[in-house]
Amino acid sequence: MKILEFELKNFRNCISVDKAITAEKTLIIGKNGQGKTNILEALYFLSTLKSPRTSNIKEFVNFNSNAFSVKATILKNGVESIIEADYELGEKKKLLVNGLKTPTREFRGFLKSVLFSSDDLMLLRGAPADRRNWLDRAIVQIYPAYDDRISKYERIRLQKNKLLKDDVVNMELLSIYNEQLAITGANIIHVRKRYLNEISKTAAEKHKSISETENLTIEYGYPGNDVETILAELKSELNERKQEELARKQCCVGPHRDDILFFINNSDASKFASQGQQRTLILALKLAELDTLTEKTGEPPILLLDDVLAELDDLRQNFLLKSIQAGIQTILTSVDTLLFDNEFLDTVNLIRVEGGKIISD
Ligand SMILES: Nc1ncnc2c1ncn2[C@@H]1O[C@H](COP(=O)(O)OP(=O)(O)OP(=O)(O)O)[C@@H](O)[C@H]1O
Ligand SMILES: [Mg+2]
């Protein structure tokens with residue numbers, strides 16, 4: 001998978017950026033606040049229609065404009081396509097492939113990417129919602145239909161929340177919502193568990209390669225692996241905690257409350273891992289995400305590395321750079337070139353960004 005060229009119009013502070021990508025590695029250099037992350041975010045959005053920074057598409061529109069557009073020419077399985085996402089305030093976003101309107105699910109299938117940013121290094125210390133978001137964004141790239149299930153679940157959950165706030169709750173309706181939530185929720189939990197099973201082994205191997213001795217395990221705190229067991233469990237939990245939900249007037253049970261647990265040598269990494277151990281873990285996790293996506297789609301995705309090298313020590317930097325050597329198109333950002341050796345700099349396409357514009361390359 002390759003991006004051959006991209007074009008941003010009024011995407012955040014990038015009013016007009018147009019760039020052909022000639023080398024396998026592209027390094028975007030710029031001072032703080034110039035637009036490095038914005039460029040990666042635009043490409044990631046084109047790939048997933050999501051951003052780790054916001055779920056509100058309006059935020060992408062340049063402050064002085066009322067619309068944005070992101071477009072790229074990509075090469076996938078030897079075939080060139082032009083993919084484009086346009087949005088105007090007050091309208092629905094438009095997705096185009098080779099000029100033809102394309103449904104969301106199909107559009108997401110075109111450009112696959114893994115984004116690894118310095119914010120990800122906080123994943124373990126963050127809230128469960130951060131870990132669920134990471135997981136859901138990773139899954140959607142492999143199973144584009146997964147996002148529909150999440151939306152459906154969220155829709156029913158909001159309806160149930162509203163119902164729970166009524167002075168007199170319609171118990172019959174509550175049972176119907178619970179039944180629907182159990183079915184959709186069990187499906188979501190099942191896919192999440194399956195994905196974590198798929199990446200766990202690779203992540204553990206990578207973690208061991210970096211740390212030499214440590215054993216990484218990942219758990220999703222829900223019993224059972226097959227969808228029937230999960231469904232039965234979820235149903236009984238919804239039943240058992242019905243009074244609590246009625247008292248608290250909100251949904252307390254389901255995949256919107258779950259967490260992903262990481263253990264290093266059997267101890268909870270979110271509580272006990274040192275900063276270095278956490279970085280190793282996240283690096284291993286991201287590289288496992290990359291491998292799994294490559295395996296599932298038959299072609300390496302593009303890799304977007306936002307400011308991560310500066311946060312890693314030499315050992316982990318080398319491991320990362322070694323892992324992405326051949327065949328993976330990588331776009332990296334950094335405040336300066338000091339971190340990179342000359343050998344690396346000789347091979348990259350260097351872009352300098354200032355005030356949302358590419359000023360030299
Ligand atoms: N919708 C928008 N319209 C105009 N400018 C925006 C919009 N959204 C964000 N910005 C601005 O874009 C600028 C660049 O942000 P970006 O996150 O890309 O910086 P960066 O180069 O990655 O910096 P850092 O090195 O600090 O991470 C910020 O100053 C921000 O205020
Ligand atoms: Mg940035």
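Which of the 15 residues around ligand 1 come nearest? They are Asn-32, Gly-33, Lys-36, Thr-37 and Val-61, where a residue counts as near a molecule or strand if one of its heavy atoms lies within 4 Å of it. Before going on, note that this is a predicted model, in which local features need pLDDT of at least 70 and side-chain atom pairs count only at pLDDT 80 or more, while totals for chains, interfaces and linings use all residues. Residues are numbered from 1 along each chain as its sequence is written, chains are lettered from A and ligands numbered from 1 in the order in which they are written, and side-chain values use heavy atoms, with hydrogens and water left out.

Let's stay with ligand 1 for a moment. The shell around it splits into 2 nonpolar, 8 polar and 5 charged residues. Here Ala, Val, Leu, Ile, Met, Phe, Trp, Tyr, Cys and Pro count as nonpolar, Asp, Glu, Lys and Arg as charged, and the others, Gly among them, as polar. Arg-12 places a polar side-chain atom 3.2 Å from a nitrogen atom of the ligand. On its own, ligand 1 has 660 Å² of accessible area, and the protein covers 75% of that (areas come from the Shrake-Rupley method with a 1.4 Å probe; for residues, only the protein chains shown count as cover).

On a 1 Å grid over the protein atoms alone, a cavity is a set of points where a 1.4 Å probe fits but cannot get out, and a pocket is an open set with protein on both sides within 12 Å along at least five of seven lines; lining residues have an atom within 4 Å of a point. Grid points are joined across faces, edges and corners, and a volume is the space filled by probe spheres set on the points.

The structure holds 1 cavity of 30 Å³ or more, and the largest cavity has about 50 Å³ of space. Among the residues lining it are Tyr-44, Trp-134, Arg-137 and Glu-289. By class, that lining has 5 nonpolar, 2 polar and 3 charged residues. At least two lining residues come from each of β8 (113-117), α3 (128-142) and α9 (275-297), with α3 giving the largest share, 4 residues. Helices (H or I, at least four residues) and strands (E, at least two) are DSSP runs, numbered from the N terminus.

The second largest pocket has about 310 Å³ of space. Of its 13 lining residues, Leu-321, Gln-325, Asp-341, Glu-343 and Phe-344 are the closest to its centre. Helix α10 gives the most to this lining, with 4 residues.

Last, take a look at the loop between β10 (260-264) and β11 (267-268), where Asn-265 lies. Most residues other than glycine have a negative phi. Asn-265, though, has a positive phi near 45°, and Asn-266, in that loop between β10 and β11, has a positive phi of about 65°. Asn-265 is partly exposed at 45% relative accessible area, whereas Asn-266 is exposed at 69% (buried means under 20%, exposed over 50%, partly exposed in between, with a 1.4 Å probe and protein chains only).

Note on methods:
A polar contact is a pair of N or O atoms within 3.5 Å; within protein, one must be able to donate a hydrogen and the other to accept it, and residues adjacent in sequence count only if both atoms are side-chain atoms.
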